Amino acid sequence: MAVAASPADQGPEHPPTGLTEEEAAELLARFGPNALAGEHRHLVRKLASKLTGPVPYLLEAAVVLELAVGKVTEAVIVAALIVFNGVLSFVQEGRAANALSLLRSRLAVHARVLRDGSWQLIDATRLVPGDVVHVRVGDIVPADLAVSSGVVSVDQSLLTGESADVEVSAGGNCYSGSIVHRGEATGTVTATGSSTFFGHTADLVRTAKTPSHLEETIYKIVWALLALDGALVVAIVAYGLVTHLPASELLPFVLILVVATVPVALPATFTLATSVGALELAHGGVLVTHLSAIEEAAAMDLLCTDKTGTITENRLSVVAVRPFGGHAEADVLALASVASDEATQDPIDLSILQAAAAAGVQSPGRRLRFVPFDPETKRSEAVVSTGDTELKVVKGAPAVVSSLLGDGARTAGEAEEAVAELASGGARVLAVASGRDEIELVGLLALGDPVRPDSAALVDHLADLGVRVVMVTGDSAPTALAVASQVGLGTRLGSVEDLRAKRGDAIDFDVVAGVLPADKLALVERGQRSGHVVGMTGDGVNDAPALKRAEVGIAVSSATDVAKEAASVVLTSEGLSNVVAAVETGRRVYQRMLTYTLNKIAKTFQVSLFLGLGLLATGTFVTTPRLVLLLLFANDFVTMSLATDRVGFSPTPDRWRVRALSLAALGVALPWLVVSFATYLVGRHLLHLGLGATQTLVFVMLVATGQATVYLVRERGRLWASRPSTWMLVATVADVIVVTVLATRGILMTAVPLVDVVVLLASLLATTVGLDCLKGPLLARVRTEVTGS
């Protein structure tokens, strides 16, 4: 076990003084902030990267083919579509990157530094060479340090690739970016920022985005739609060969048919939707380090939460002292303060030191050695000099301390009754023992941590949202159950032994007490085995595996740097209100993406079937490749606006059911398919328009029905039940006006009379209202099967 001397225990010969604020300011101006310069790619390279990939390659192939057959106008339109989506994606990803940079700046690493003779917590970017810094378990070493006292075990794998921990003691060096796994130490800063030994260390917060369940689902849908197109292409090519259609007309049509299926706006839409959600959460005090976590929060149905700081206020104070063995309350406080350390800034240690100072107790001697609290051992230890002898002091969980008592100790039974009595009110109970050869129980400390006034209401709110809350704590069972009953969690106690033995899958309990950090990982895995989407809160370095494994890893406001790095969501204030906000925002993002997906599938069914079956049924192209390309512009414009739509959130966790989603989209598409053929037939046979004018009328119809579909599927009730976002309304009006002008003026298409366009739009509006009355059963099925409610 690592042993670290407190900064206060280094003896009178070399007391740490640190720098003054004035000296630190001068050095900061000289050396600059303790931060690494970010990697900046040239804007041209960033933009060029948006022109590569499967979707751009497909469009670029269309440009080459159009040029090869001499259709320059179509080639220009496809090229414009590539540039349009590339620039749009570039701008939105840039905004998302700026948003994440802002969030990451609020996740700054903090350092315990000795300034003006007192220990304080500052932003690590303010560290300068010469600062005296204290590091402990869970810290990321904020700068290169020359260790002057203490012993720490550090993980340098991110820097060296070596997985084994390295032990560093007085005279050694700790490098920036290392993770303290055990022990405490004090050292002097030797280098900061890019001047550190490992100045190229990766950034603290990883923002690399991995594909979310939502993206994977939509890509699966797209591949299925491409399969549908494949069948149509085979039929069309066969028809073309039989009827001797010119290859110069057939091949571009086939390629455009495939392009119409591809979700060209998908990357930009996802980036915009999730970055908008991230900024919404940031305003509420929730920092998202992985954008996919916003979508996962929509599906979360099980939240495993710490007691301290989320359900309670994390405002510890000593509320009772129970001495044993003839000792006085002052003796218990004095010995407990010896096994505590201000430099750790640990809430338990600070509350004990404050109580000891308020009581005016004297230290029993000079501290020689100190073993900080370790979550695995659940105790801290100290050795003090009391004249000619040395006294060992232990402070920790009552069960742990009792197991260390000497054979002659006779207070174990009495102590158990006292622990149960003190814990019954929800207090955290610590035992204090001391001795020379054998230790004996000196007394118990009860630390009160009031339940947050809003915890009970927030637990109920999460339950109303379909999210079960399980409280996880290292405290004793009586303490945990007392707090759980105060907030309405229930009193079913889970077995830690079952978790460790991986027995059972069901989450049939409300509280798990006496857990070690490793037990949290077992709890997450158990929840996932039973089909839950799990959220887990954590604060310590050993919580990192559980935070990474959970679909929604949540680092609480007091979390260590390592826990924040592992989590996908970081809270900046205490309590469960931010978790509720994350769930609600995630479900809003889900609703926007559900609208996008329903719209995309429905429009693909409509357009692909109409183009393919129209050719087979009529022997002519019902519209032209050029008009299909213009249609993609119009559709993408509105599709992007969906990411900012005003939406509510579902009352239950959201899950994707592709089959139900596809059936609902097909149900929406089929009436529009009938409208599409009706528009073509009316134009050709009732209005006696030429083929070119009829194709223009069909184009206007496809644009208008695309707009209508968005409004039909965004609301499960009547389409006027909620007001869309301003951007959405503006996009719709702009689309309709621009398309009307192009169609009536004959720009890029054959002109049609204005009256025909107006009558068509009015007819489509009436049809939309009619379909809105009939959509209920279809979208109710989506609500039931897709979201799992």
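**Confidence and helix packing in a predicted model**

In this predicted model, residues 1-13 keep a pLDDT under 50, and the model has 34 contacts beyond four places in sequence for them.

User: Which other stretch has a pLDDT below 50?

Analyst: Residues 784-789 do, and this stretch has 20 contacts in the model beyond near neighbours in sequence.

User: In which helix is confidence lowest, and in which is it highest?

Analyst: Confidence is lowest in helix α26 (residues 776-786), at a mean of 55, and highest in helix α10 (residues 329-338), at 93. For the protein the mean pLDDT is 80, with 85% of residues at 70 or more.

User: Why are α20 and α22 called oblique to each other?

Analyst: Helix α20 (residues 577-618) and helix α22 (residues 658-686) pack at an angle of about 40°, their axes 8 Å apart. Angles under 35 degrees count as roughly parallel and those of 65 to 115 as roughly perpendicular; the two helices are therefore oblique. The crossing of α20 past α22 is right-handed.

User: What makes up the contact between α20 and α22?

Analyst: Residues of α20 including Leu594, Ile601, Phe605 and Phe610 take part, with residues of α22 including Leu661, Trp672, Phe677 and Tyr680. By class, the contact of α20 with α22 has 18 nonpolar, 6 polar and no charged residues.

User: How does the reach of α22 compare with the span expected at 1.5 Å a residue?

Analyst: α22 has 29 residues and reaches 40 Å from its first C-alpha to its last, which is close to the expected 42 Å. Just after α22, His688 has a positive phi of about 55°.

Methods: Residues are numbered from 1 along each chain as its sequence is written. This is a predicted model: local features need pLDDT of at least 70, side-chain atom pairs count only at pLDDT 80 or more; totals for chains, interfaces and linings use all residues. Side-chain values use heavy atoms; hydrogens and water are left out. Axes are lines fitted to C-alpha atoms, for helices over the stretch in contact, and angles run from 0 to 180 degrees between N-to-C directions. Helices (H or I, at least four residues) and strands (E, at least two) are DSSP runs, numbered from the N terminus. Angles under 35 degrees count as roughly parallel, over 145 as roughly antiparallel, 65 to 115 as roughly perpendicular and the rest as oblique. A crossing is left-handed if the near helix is turned anticlockwise from the far one by less than a right angle, and right-handed if clockwise. Contact means heavy atoms within 4.5 Å. Ala, Val, Leu, Ile, Met, Phe, Trp, Tyr, Cys and Pro count as nonpolar, Asp, Glu, Lys and Arg as charged, and the others, Gly among them, as polar. The expected span of a helix is 1.5 Å times one less than its number of residues. pLDDT is the predictor's confidence in each residue, from 0 to 100.
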